Amino acid sequence: MERREARGGTLVLGGGFAGSYVARLLKRNGATIVSQENFMLYTPLLPEAASGTLEPRHVVVPLRQMCPHAELLLGDVSSHDRAARSIVVHTLAGPLEIGYERLVIALGARTRVLPVPGLADHGMGFKDLADAIALRNRVLLQLERATIHPDDPSELGFVFVGAGYAGVEALAELNDMAQAALRSYPSLRETPQRWVLADAAPKILPEIPRRLGEYAARRLERRGIEIHVGTTLESYDGREAVLANGVRIPARTLVWTAGVRASPLLPELDVPLDERGRVIVDETLRVAGSDDMWALGDCTAVPNTKTPGMVDPPTCQHALRQARRLAKNLTATPKPYGYKMLGQVATLGHFKGIAEIPGLHLWGFPGWFVTRSYHLYQLPLLTRKLRVVADWTVALFFPRDIVELSMLGHPRKLGDDG
């Protein structure tokens, strides 16, 4: 098996938000990134990609452009030899052994799926770009199906389980898209749609201040969206969702956004994990019991000196600050990581949003404007910022695109005339 050394001595496992920013901030010191994709997904903009407000390609950033001094290898981690300081990676061209001086673990998280009857067979996720595109296509296909079977209430039934940022923003954006699309479906304008948001927590968006969460709930309910809190999903058979509170919802579409779990690849790395499967690190982001391994992001239980006794939530805001601290710790004397949140933002559809900034709570159009401004500021690369601004500008003046593209990625074979 071929062996090579990580560029600059630093090997970064994972090309997501945390890992890519570490490699980017190391600059000319260099790094080797091992990732399954050649891009970094800016997840806060995923709901707008799903609704068609943004072109899906514009919410991802090419890693080769974002990290020009890093080497990128597409592949999966296979094994880890701590004594030899090497990782075996299954790349596109076969297995490859990579030696390192410093290992950075940033493998992210996956959707946490509970053993609910029918969920794995019929539910949809909302974690990556493929999920967003598939969900957009599903909503548009259901509109098409409803024109054929307008009396079947399950056709236009949409259930979102999980009322955190992902669930609320995805539901709000797709509900907006479906309502706007009705101008092209005149036969459905009187056909009722049923959009439902459910969560086990006592309120939606529990991470944000109570007033903003209550505002978000009122705005959604005013649009006819049902909110069921303090309950869980009991079962889903592809046509009907049953909640623990006894509510039965005819729906052909169920989206599961109820939490995440650390990457299943972590046990292969021989690193200490907590009860939730996350890497255990100290205040400098160094893996416990190691002098050459570091970890950050959603796969890690990161202690924060500004919030004693708590670990960071899995958000892009915290991952970015962790990456800034870790990049400095890799090139200088390590210092403890500490970050106090500056605020939180979320969109609730077109021209609607909520924002908490120091000393101020905003909702409606001001909240929406602040949310978009913040995401635009955090999005790396000027070229990507300009593409997003262009998409937003076009969306102000033209109706949403309702083209359904589920055939993408499934081209016909040569000679197939069917």
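**Chat about helix packing, cores and a loop arginine**

Modeller: In this predicted model, the axes of helix H5 (residues 129-148) and H6 cross at roughly 35° and come within 11 Å.

Colleague: Which hand does the crossing of H5 and H6 have?

Modeller: The H5 and H6 crossing is right-handed.

Colleague: And which residues make the contact?

Modeller: From H5 you have Leu-135, Arg-136, Val-139, Leu-140 and Leu-143. H6 brings Leu-174, Met-177, Ala-178 and Ala-181.

Colleague: OK, another pair. At what angle do H9 and H10 pack?

Modeller: About 155°, with the axes 9 Å apart; H9 covers residues 365-378 and H10 residues 382-397. That angle is over 145, so H9 is roughly antiparallel to H10. Their crossing is right-handed.

Colleague: Which residues meet there?

Modeller: On the H9 side, Arg-372, Leu-376, Tyr-377 and Gln-378; on the H10 side, Lys-385, Val-388, Val-389 and Trp-392. By class, that contact has 5 nonpolar, 1 polar and 2 charged residues.

Colleague: Switching to the cores. Which residues touch the most other members in the largest nonpolar core?

Modeller: Ile-105 and Phe-160, out of 109 residues in that core. Helix H6 (residues 165-181) gives the largest share of this core, with 9 residues.

Colleague: What does Phe-160 touch?

Modeller: Leaving out residues up to four places away in sequence, Phe-160 touches Leu-135, Gly-167, Ala-170, Leu-171, Leu-174, Trp-195, Val-196, Leu-197, Ala-198 and Val-255.

Colleague: New topic: where does Arg-85 sit?

Modeller: In the loop between strand S6 (70-81) and strand S7 (86-91).

Colleague: Why does Arg-85 count as partly exposed?

Modeller: Because its relative accessibility is 32%, and partly exposed runs between the buried limit of under 20% and the exposed limit of over 50%.

Colleague: What does Arg-85 touch, then?

Modeller: Not counting residues up to four places away in sequence, Arg-85 touches Arg-3, Ile-98, Gly-99, Tyr-100, Glu-101, Asp-291 and Asp-292.

Definitions and conventions:
Residues are numbered from 1 along each chain as its sequence is written. This is a predicted model: local features need pLDDT of at least 70, side-chain atom pairs count only at pLDDT 80 or more; totals for chains, interfaces and linings use all residues. Side-chain values use heavy atoms; hydrogens and water are left out. Axes are lines fitted to C-alpha atoms, for helices over the stretch in contact, and angles run from 0 to 180 degrees between N-to-C directions. Helices (H or I, at least four residues) and strands (E, at least two) are DSSP runs, numbered from the N terminus. Angles under 35 degrees count as roughly parallel, over 145 as roughly antiparallel, 65 to 115 as roughly perpendicular and the rest as oblique. A crossing is left-handed if the near helix is turned anticlockwise from the far one by less than a right angle, and right-handed if clockwise. Contact means heavy atoms within 4.5 Å. Ala, Val, Leu, Ile, Met, Phe, Trp, Tyr, Cys and Pro count as nonpolar, Asp, Glu, Lys and Arg as charged, and the others, Gly among them, as polar. A nonpolar core is a set of buried Ala, Val, Leu, Ile, Met, Phe, Trp, Tyr and Cys residues joined through side-chain atoms within 4.5 Å. Buried means under 20% relative accessible area, exposed over 50%, partly exposed in between (1.4 Å probe, protein chains only).
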